[in-house]
Amino acid sequence: MSTYTAAVRIRPRAGIVIAMAAFLGIVAFFWPFLVAPGKFGSNYAPPLIFGVLLVVVLCVVISEIAEGGINSKALAMLGVLSAVNAAVRPLGAGTAGVETVFFILVLAGRVYGPGFGFTLGCTSLFASALITGGVGPWMPYQMFGCAFVGMLAGFLPRAAGRREVALLAVYGSVSGYLFGFLLNLSFWPFSLDPNSSIAYLPGLPFTEQFHRYIAFDLATSLGWDTGRAVTNFVCVCLAGPAVLTVFRRAARKARFQAPVRFAARSHPAEPGREPSPRPAPRAGDGTVTDTSAPG
């Protein structure tokens, strides 16, 4: 059976903070169904919400480091994989939906756990945005979209061998569509003429509003999302076994969160005698020690 090594240990307090961040992230993505454009402060709601989310994530990382949830080896692994993702992402550049950053998130979240996958999703997109000049109002949405992809990979059921690779490949495809579905919510209310049949229309019931969004998502980004899903599937199938082996070998050598055990101090036994639980005699106490072995 396959297991993952928790490179980032989620303690109870950090788990609560991550759950709060995930909840706020869902609210921020689905805000068009909660707040109508044109209302007071609605145009600034997403940036404010994601500003709070970034602070929450920073607090999670700092609290984990302070509590020992991220040790130096896990932090080094996080930095290396963030740099690799930032370097690999421009190879696809999003052309026709080809994205080369997600399969590493999926595999790392699988091997090192949901906490590591969540953090890696944020740091990878942040590093990539700095390198490629992609800093903008869309960056927080991309960061948390990738954070969800990496985190959910850590919660996948256990599997081994080809079954595990197939599971991760299918999840990679689904996450490609899910990422596009979430990201489109960030600009849907402002991207179309209100008279369009697939545009956001304030005041509509949720079911009709959601139907409009589904039509918008299928009409505008189905091809891009399909390219991302196919890329994830192919990358996981081709490189997944080798990358999983490398990640797990690194985890065994690093021994993330290795337990500390204290062994009882033992006293050397006398030759030819059974070890005695009594303390060894001290010099000057008048005790004579027989060091001869029986014949």
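Contact here means heavy atoms within 4.5 Å. I keep that in mind while I look through this predicted model.

**Entry: two helices**

I looked up how helix α4 and helix α6 pack. α4 covers residues 102-112 and α6 covers residues 139-153. Their axes lie 7 Å apart, at an angle of about 40°. I noted the hand of the crossing too: α4 and α6 cross right-handed.

Next I asked which residues of α4 meet α6. They are F102, L105, V106, G109 and R110. On the α6 side I found C146, V149, G150 and A153. I sorted the residues of this contact by kind: six are nonpolar, two polar and one charged. Arg counts as charged and Gly as polar.

**Entry: salt bridges**

How many salt bridges are there? I count three. One of them joins the side chains of R110 and E164, at 2.9 Å from N to O. R110 sits in helix α4 and E164 in helix α7, so this pair ties together parts that are 54 residues apart in sequence.

**Entry: a nonpolar patch**

I then turned to the surface. V170, V174, V230, F233, V234 and L238 form a nonpolar patch there. Together they have about 540 Å² of accessible area.

Which helices supply at least two residues each? I found α7 (161-184) and α9 (206-254). The largest share comes from α9, with four residues. I checked F233 by itself, and F233 lies in helix α9.

Key:
Residues numbered from 1 in each chain as written. Predicted model: local features only at pLDDT ≥ 70, side-chain atom pairs only at ≥ 80, totals over all residues. Heavy atoms only, no water. Axes fitted to C-alpha atoms, helices over the stretch in contact; angles between N-to-C directions. Left-handed = near helix turned anticlockwise from the far one by under 90°. Patch = residues over 30% accessible without salt bridge, like charges linked within 9 Å, V, L, I, M, F, W, Y side chains within 5 Å. Areas by Shrake-Rupley, 256 points an atom, 1.4 Å probe, with all protein chains shown as cover. Salt bridge = Lys/Arg side-chain N within 4 Å of Asp/Glu carboxyl O.
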